[in-house]
Amino acid sequence: MKRQSISSRINLILGFISIVILIFSFTVIYLSSKINTATEQVADYDLPEALNSLAMLEELGDMNSNLLEYLLGEEEEQQEYFNNYAELVRFRNLIPKDIKEQNTLERVVRLVEGHKQKAISQVFEVYFPSKERRAAKQIDDLLKNVGMPLEALLDQMKEEEISDVGSTNNPQDVINDDLPGVRFYLELTDEAGDMLADLNRFVLADASAKREFFANALQFETYLAQLKPLEQKPQEIIHINEIERLFNELKAGGTNIFEHYQTQNKISATKAIDDLEHQIFNEAEKILDNLSGNARKEAIKSMDDLSRISSNISLILLVSTLLIISLVVSMIVITRRTIFNPLAEVTMTIERLRRGERDFELTSFNRNDELTDILSNLQLFQTELAELDELRSNEQKIQSELLVERDNATQSFQQLQETQTKLIATEKMASLGTLVAGVAHEVNTPLGVSVTMASTLTSNLTDFLEEVKSGVLNRSKLETFEVESMRSLELLENSLQHAAQLIHSFKQVAVDQTSNKRREFNLYETLNEIAQTLHHKIKRTNIKYSIKGSKDITLDSFPGPLGQVITNLFNNAMLHGFEGKDSGEIQIRFDLIGNEVKLLFSDNGNGVEDKNIKKLFDPFFTTKLGRGGSGLGLNIVHSIVTNLMGGEISVESRIGTTFELKLPLITPQQKENTYE
């Protein structure tokens with residue numbers, strides 16, 4: 001039978017549908033492109049160009065108004081001018097860059113930029129309303145505070161001179177003194193008035209006012225110099241000095257006004273604004289008005305195109321929809337007969353296989369297509385499932401055997417842990433043995449001295465008693481006996497106290513190491529007590545042992561395990577660090593950092609090879625297996641510091657070996673048997 005592929009039949013139907021969809025799609029795409037083109041033209045070009053051109057025109061008019069109002073003394077209009085310019089630039093940036101009127105628009109921007117530059121250089125940087133107001137106020141102040149008092153004083157002096165003309169009987173005094181004085185006062189009054197008038201003319205932009213002001217001032221000084229020899233009376237000299245002071249103040253005030261205010265600037269700024277309005281503003285206004293009108297016309301044309309395209313799309317959508325519906329209905333009928341019914345049989349077969357059924361026959365279809373292949377594969381799958389069931393039965397037996405092996409491995413691990421616990425206990429007993437040896441060695445010296453002193457004291461007492469009984473005792477022998485006895489008793493007492501102190505320290509260390517109880521203890525004192533138990537190991541060597549740190553640090557922790565840590569580190573240094581050496585130094589340094597103590601145990605011995613540095617804390621690792629090393633010393637140290645005391649430990653080897661311990665001041669709450 002010729003093979004009839006389901007996919008070929010479906011592809012044939014899909015092909016017809018695809019052709020229809022393609023035709024429809026191309027049509028819609030074409031019309032959509034037209035719509036998009038028209039819409040983009042309106043939304044992206046015509047409307048932005050029309051609206052923003054009008055906005056630019058409005059901002060340009062506001063800029064021109066700002067300049068005129070600035071000349072009227074409103075300084076805030078300068079900032080408004082720049083704000084309006086920024087708005088104009090913003091509206092320009094909202095207009096697309098690729099419009100056909102781009103060159104014209106750029107010309108407008110250049111005109112406006114030129115408008116701004118000229119406004120800055122010829123208006124804002126030339127004319128300052130505040131300076132004009134300040135100059136007017138200064139002139140007014142000079143008039144009130146200097147000019148009026150000066151004129152009044154000059155009038156007073158003039159009247160006094162006129163009075164002197166009528167009261168004197170000496171014609172020569174009248175000719176040489178009174179009449180010239182009257183003339184000079186009249187001239188001074190006139191010159192002072194002219195100077196004040198010159199200042200007012202200067203503010204009103206009179207170009208010659210400044211020159212005439214200084215000419216009048218020079219004339220005033222000339223008249224005043226001629227007047228001074230004529231006025232020699234004390235009261236007249238006082239008035240002359242006051243006139244000179246007021247004149248100098250008037251002259252200095254006028255000079256200050258001339259230096260800080262230029263009236264020509266306002267005229268220049270006014271002319272510049274007029275030029276800007278006629279040369280730039282009118283041209284830019286005309287260009288922007290034309291741009292806005294053209295954009296409105298283009299927008300109306302594009303909207304008409306959109307209306308026609310919309311009508312065509314509606315008709316095409318109706319025809320295409322009817323054609324696609326008919327093709328879809330045909331496809332549904334064919335696929336139901338050729339695909340869905342066989343698939344239902346396949347689904348039922350899979351469900352029966354899932355429920356565990358194996359002995360049933362599959363329905364066959366008299367067709368040569370993909371579904372027939374699926375049913376054939378299901379028959380093979382049915383056979384393979386039967387074989388899989390048998391494999392699962394064998395797998396359960398294997399799992400049972402694996403469980404037995406797991407139990408055996410667990411038991412072996414427990415035995416290994418028990419062995420490790422016994423080795424740790426042995427290590428602790430060895431440490432305790434070291435403590436006992438230290439006790440015996442250290443206490444032996446003071447006790448020996450005590451026995452010697454007791455024997456000496458007994459011998460001296462026996463000799464003294466015999467001399468007493470024989471009656472040969474004299475004063476000098478009595479004093480000698482007293483001195484030697486007191487010296488012997490003092491040595492005996494010191495030796496016994498030393499022995500008692502050592503025994504007390506050893507007792508505390510022994511109690512801590514055997515009980516592993518938690519308590520508060522002074523770190524410095526505890527380290528010194530531990531050091532005393534280890535002193536006998538270095539007593540007859542050149543190895544030095546030192547402890548440096550604060551004497552006020554108190555820990556709430558386990559002093560016994562800490563002693564085990566120090567002892568193991570000490571033994572490790574003696575066994576490995578100073579092998580082959582007869583001198584060296586062991587240091588313990590500690591300090592408080594925050595809520596923890598940083599303790600450094602270092603030696604300047606042989607150090608550790610790089611390949612072994614990371615294995616130091618591993619259990620049973622030692623380079624002297626069978627020669628005094630068990631491989632558990634540093635492992636016990638690591639366990640005590642990290643597990644029991646809640647701290648950290650690290651090691652580095654540069655010059656010798658340094659172990660760094662970080663111990664919390666208060667050990668976290670744990671079970672006390674963590675280390676036991």
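Predicted model: local features only at pLDDT ≥ 70, side-chain atom pairs only at ≥ 80, totals over all residues.

I began with Lys 116, which counts as buried at 14% relative accessibility. My cut-offs: buried means under 20% relative accessible area, exposed over 50%, and partly exposed in between, with a 1.4 Å probe and protein chains only. Lys 116 has a salt-bridge partner in Glu 113, with the closest N and O atoms 3.7 Å apart. I call it a salt bridge when a side-chain nitrogen of Lys or Arg is within 4 Å of a carboxyl oxygen of Asp or Glu. Glu 113 is partly exposed, at 27%.

Residues are numbered from 1 along each chain as its sequence is written, and side-chain values use heavy atoms, leaving out hydrogens and water.

Next I went through other salt bridges; the structure holds 10. Arg 654 and Glu 652 meet at 3.9 Å, N to O. Arg 654 is exposed at 72%, while Glu 652 is partly exposed at 39%. Lys 662 pairs with Glu 660 at 3.8 Å between the closest N and O atoms. Here Lys 662 is partly exposed at 29%, and Glu 660 is partly exposed at 23%. I also found a network of salt bridges linking Glu 242, Arg 245 and Glu 249.

Then I turned to the rings. How many aromatic pairs are there? I got 6, counting rings of Phe, Tyr and Trp (its six-membered ring) with centres within 6.5 Å; planes under 30 degrees apart are stacked, over 60 edge-to-face, and the rest tilted. Phe 213 and Phe 214 have centres 5.4 Å apart and planes at 85 degrees, so they are edge-to-face. Phe 213 is buried at 0%, whereas Phe 214 is partly exposed at 29%.

Tyr 545 and Phe 570 are also edge-to-face, with centres 5.3 Å apart and planes at 70 degrees. Tyr 545 lies in strand E2 (residues 542-548) and Phe 570 in helix H12 (residues 559-577), so this pair ties together parts 25 residues apart in sequence. Helices (H or I, at least four residues) and strands (E, at least two) are DSSP runs, numbered from the N terminus. Tyr 545 is partly exposed at 21%; Phe 570 is buried at 0%.

Last, I checked the whole chain: it has 14 helices and 7 strands, and 36% of its 676 residues are buried.
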